[in-house]
Amino acid sequence: LGIFSKDIIGLRKLTVAGGALSQIDEDFYANFSEENNKEFIVMYGQTEATARISYRPANKIRSKAGSIGIAIPNGRMWLENSTGEIIEQPYVEGEIVYMGENVAMGYAYGYEDLIKGYDWGNVLHTGDIGYMDEEKFIYVIKRNDKVIKLNGHRVDLVDMEEKIKHRFPKCQVVCSLQKCMDSANSKRIKIEIDCEEEMRKNKEQEIIDYLSLFTGLNKRIFAVDIVGN
């Protein structure tokens, strides 16, 4: 669009969401905005709650570099430890949790799920691990090992394990992310299932079809290993 070589009077704000910028790119946009009297705002979001659930105000772009900021108006963010307790102290790691009316109702794996209503109660556990500073600005450190993103889809491996156990209640299930040498996929989800011999007969494809249906992922992403005594 050539916006960096023109003085566009009507352009007042630049915002970014949907993916983290490198520090080099962030500095570029911050410099441009300062030199041209614009506001540059960095935002953070989740697919299940739209592209923005927090933002770093333009006047904090430099001083809070690397932060995802604070919750959007009418939203609330906090950190929880592994037992679900809210973390009040600064610089203590925990899962980032958001509450707001922009949170999805839940996941629908079939048409019958559409009548459930608000499964999540407007609360979204993001799967991101972070900490907050003294001013409650939040910083993301890493992803929860059990929440992954493949081909644009966020997948909770614990939820996946529960879905398989519900369908096959006599089985023990462990799902994990695995690197592979496949030419089409650099990573895949490995499903290890321990069950009785009768269950092991020709069930691999049935499980893959089932997982692909409710995750929206290509069937080639999954590798099923069924074992037993």
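Contact means that heavy atoms lie within 4.5 Å. Helices (H or I, at least four residues) and strands (E, at least two) are DSSP runs, numbered from the N terminus. The structure is a predicted model, in which local features need pLDDT of at least 70 and side-chain atom pairs count only at pLDDT 80 or more, while totals for chains, interfaces and linings use all residues. Residues are numbered from 1 along each chain as its sequence is written, and side-chain values use heavy atoms, with hydrogens and water left out. This briefing treats a helix, the loop after it, and a sheet.

**Helix α1**

- What covers the buried residues of α1 includes β1 (13–16), β2 and β3 (54–56).
- These buried residues are E26, A30, F32 and S33, where buried means under 20% relative accessible area, exposed over 50% and partly exposed in between (1.4 Å probe, protein chains only).
- Seen down the axis of α1, the buried residues fall within an arc of 160°, so they line one face of the helix; the arc is that of the directions from the helix axis to the C-beta atoms.
- The exposed residues I24 and E35 are carried on the face of α1 turned away from its buried side.
- The 13 residues of α1 should span 18 Å at 1.5 Å a residue, and this agrees with the end C-alpha atoms, which are 18 Å apart. The expected span is 1.5 Å times one less than the number of residues.

**The loop after α1**

- Just after α1, N37 takes a positive phi of about 60°.
- K38 is placed in the loop between α1 (23–35) and β2 (39–44).
- K38 counts as buried because its relative accessibility is 14%.
- Not counting residues up to four places away in sequence, K38 touches D7, I8, I9, L11, R12, F32 and S33.

**The sheet of β11, β12 and β13**

- The order β11-β12-β13 describes an open sheet of 3 strands with mixed pairing; two strands pair if DSSP finds at least two bridges between them.
- β11 (172–179) and β13 (222–227) stand at the edges, each with a single partner strand, so one side of each is left without a neighbour in the sheet.
- Neighbouring strands of this sheet are turned by 20° against each other on average, direction ignored. Axes are lines fitted to C-alpha atoms, for helices over the stretch in contact, and angles run from 0 to 180 degrees between N-to-C directions.
- β11 and strand β12 (residues 187–194) run antiparallel and are joined by 8 bridges.
- C175 stands opposite I191 in β12.

**Helices on the sheet**

- Helix α2 (residues 157–167) packs on the sheet and touches β11, β12 and β13; its direction makes about 140° with that of β11.
- Helix α4 (residues 204–215) also packs on the sheet, touching β12 and β13, and its direction makes about 140° with that of β13.
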